[in-house]
Amino acid sequence: RMWIIQMSALTSNLSLRLNPKSKSEVEDVEITCIKDVKKGQLLRGYVKSVTPSGVFLGLSSSLQGRILFQNVSPYFVQKHSLYEKYLPEGKLLTVKVLGVNREEKHIELSLLPEDTGMPSVIPESLGLPRYSAEEEKRDAGDSEKREKLKPKTKRRRGNSESEQGKKKIKLHWRLVKIRNSSHLEELRPKKRKTCPADEYDSGIEVYYREKDDDDQEEEAAKKIAKIKKPEEAPRLQVSVGFTWDEDTNAMDTPVLNQKEESSESEEEEDPHSKVKKQTKKEKELEKQKKEKELCKLEAALMDPSRQPQSADDFDRLVLSSPNSSILWLQYMAFHLQATEIEKARAVAERALKTICFREEQEKLNVWVALLNLENMYGTEETLMKVFERAVQYNEPLKVFQHLCDIYANSEKYKQAEELYQTMLKRFRQEKSVWLKYASFLLKQGQAEATHRLLERALRALPTKEHVDVISRFAQLEFRFGDPEHAKALFESTLSSYPKRTDIWSIYMDIMIKHGSQKEVRDIFERVIHLSLAPKKMKFFFKRYLDYEKKFGTAESVLAVKRAALEYVETKSSLADI
């Protein structure tokens, strides 16, 4: 839990501090230093950067960990851009700690599915090879190269028991090695011996020195040839037509072919490397382009009118406003649109654990959403389980009323009727329960049941609530039932309580909407002839005058004014006496 203490719109930075008063449970472990990180621990963090050495993940404001590319995904990825695509900066990931070096403050992490239990960040649909298959291919390629480099010698058939033949073969191998080493020495760059006089040497002297070196190499080759001639022995007789000259050529050709191939491959790679090289200006332009894209992305994320498009977007929103039930309900609706019922349930449970216990209304909104979800996609058993839990953690009356509304809206009238009967037994002293049940019955067209319900309500509720309950029942009758019966209720109430100006006002408002002008004028005439306080009489005269100005004629307006003057004169004469 943190409080935002500073925010900069230009740099998109937030300054946060911990809220010591918050006692709610936090899903992620708080990490302040490297001592809080342990091997084998599952943590969550945001992607900081993707570099050639690996992916760096921010575990806290001051601590980062590294994920080697071989621990990012089980698939072999050659293109570095794939990591930047599927691991953008700011993405929330779950990782496992593989190792902690406290002295150097290095943390090695893993994103592999077998370590974290989460799906691979690189999707399988790309068809990339796995690391095990790639290693087998490399081993096979190495073995093929070794076989190509081996001399293609033919096997002798038969047994040779002469020791002289064995010595000849060994000597020949030695000579071949000497030849190969001489070729390699020729290919290597020659080191010149420097002396103080080299600074003043001319080009001619250098030429003669190189010639001297070549002469020395020729003399060494001649010495080797002289050594070879006296030690030669008669060659072995082979039945297949084997010749030593062909064999020596076969020994030399693989090395030469390999050198030619390597030189050709280097020549082929050179143009590609030249194409890949960029100038400083091109690098700066590319860097500026990336910065502009990042600025656009940050501006889009900071836009308050932007609608979240993925689960990661919703995670960021609920992390910034964990007590907002609207965000949690939108998160649930996002999963329900994709028919992911279990994920929507998980979001609701997560919201109930995250929202602060002081935010009772916010929690109640999530409970109602969960009841709606179970009513639409669950069974009666799952709905009842959620209902029982909601009654334990919230005000029972509110939960009962919301479930009745859910049943009525989904046209489950039988279950709603049973639940209302339970509420009348459990909350019989609550006026709102009787009124809500009366509204439900009138919408179903059960007028007689509503009349009986009014009698039961008057018996159950205290006497001081009777007038208000009767007027509320009469208003419901005007809206959903019989208007004549509603008028009778108002008339009987006003005859018993003629000085209840609030009932007169309600009766006037309803008759103005639903009654005729004659009925409305009759009510006004009755009111202005009552013996009420001058202040209340002034209120009714004013209302009568406004009504006549709007719906009457000039004569009717004058009649109201005359009645008001008469009332004032009578009051003043009584005051003089």
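Does Glu411 count as buried or exposed, and at what relative accessibility? I looked this up first. Glu411 has 57% relative accessibility, so it counts as exposed. My cut-offs are under 20% relative accessible area for buried, over 50% for exposed and partly exposed in between, with a 1.4 Å probe and protein chains only.

**Entry: ground rules**

I am working on a predicted model, where local features need pLDDT of at least 70, side-chain atom pairs count only at pLDDT 80 or more, and totals for chains, interfaces and linings use all residues. I number residues from 1 along each chain as its sequence is written, and side-chain values use heavy atoms, with hydrogens and water left out.

**Entry: overview**

I find 22 helices and seven strands in the protein. Helices (H or I, at least four residues) and strands (E, at least two) are DSSP runs, numbered from the N terminus. The protein has 577 residues, and 29% of them are buried. I then looked at contacts, meaning heavy atoms within 4.5 Å. Of the contacts with a separation of 6 or more, 53% are between residues 24 or more positions apart.

**Entry: loop residues**

I went back to Glu411 for its backbone. Its phi is near 60°, a positive value in a residue other than glycine. Glu411 sits in the loop between α13 (396-409) and α14 (413-426).

I checked Thr339 next. Phi of Thr339 is near 55°, again positive in a residue other than glycine. The loop here is the one between α9 (325-337) and α10 (341-354). Thr339 has 64% relative accessibility and therefore counts as exposed.

Ser321 lies in the loop between α8 (311-320) and α9. At 31% relative accessibility, Ser321 counts as partly exposed. I also looked up its distance to Ile355, which is 34 residues away along the chain.

**Entry: the barrel**

I traced the sheet next. Strands of a sheet pair through backbone hydrogen bonds, either parallel or antiparallel. Here I count two strands as paired if DSSP finds at least two bridges between them.

Five strands close into a barrel, in the order β3-β4-β5-β7-β6, with mixed pairing. Neighbouring strands of this sheet are turned by 55° against each other on average, direction ignored.

I started from strand β5 (residues 64-67). Strand β4 (residues 54-58) pairs with β5 in the antiparallel sense over four bridges. A hairpin of five residues joins β4 to β5. Leu57 has Gly65 of β5 as its bridge partner. Strand β7 (residues 106-110) runs parallel to β5, and two bridges join them. Ile67 stands opposite Leu109 in β7.

Which residues of β5 are on the covered face, and which on the uncovered one? I find Gly65 and Ile67 on the covered face, Gln64 and Arg66 on the uncovered one. In a regular strand the side chains alternate between the two faces of the sheet.

I then took β3 and β6. Strand β3 (residues 42-51) and strand β6 (residues 92-101) run antiparallel and are joined by five bridges. Gly45 stands opposite Leu93 in β6.

Two packed helices are described by the angle between their axes and the distance between the axes. I use axes fitted to C-alpha atoms, for helices over the stretch in contact, with angles from 0 to 180 degrees between N-to-C directions.

Helix α19 (residues 501-514) packs on α20 at about 160°, with the axes 9 Å apart. That makes α19 roughly antiparallel to α20, a term for angles over 145 degrees. α19 passes α20 in a left-handed crossing, meaning that the near helix is turned anticlockwise from the far one by less than a right angle. Residues in the contact include Trp504 and Met508 of α19 and Ile523 and Phe524 of α20. By class, this contact of α19 with α20 has nine nonpolar, no polar and two charged residues. Ala, Val, Leu, Ile, Met, Phe, Trp, Tyr, Cys and Pro count as nonpolar, Asp, Glu, Lys and Arg as charged, and the others, Gly among them, as polar.

I moved on to α21. Helix α20 (residues 517-528) and helix α21 (residues 534-551) pack at about 155°, with their axes 10 Å apart. α20 and α21 are therefore roughly antiparallel to each other. α20 passes α21 in a left-handed crossing. Among the residues in contact are Val520 and Phe524 of α20 and Phe540 and Tyr544 of α21. I note ten nonpolar, one polar and four charged residues in the contact of α20 with α21.

How values were computed:
Parallel < 35°, antiparallel > 145°, perpendicular 65-115°, else oblique.
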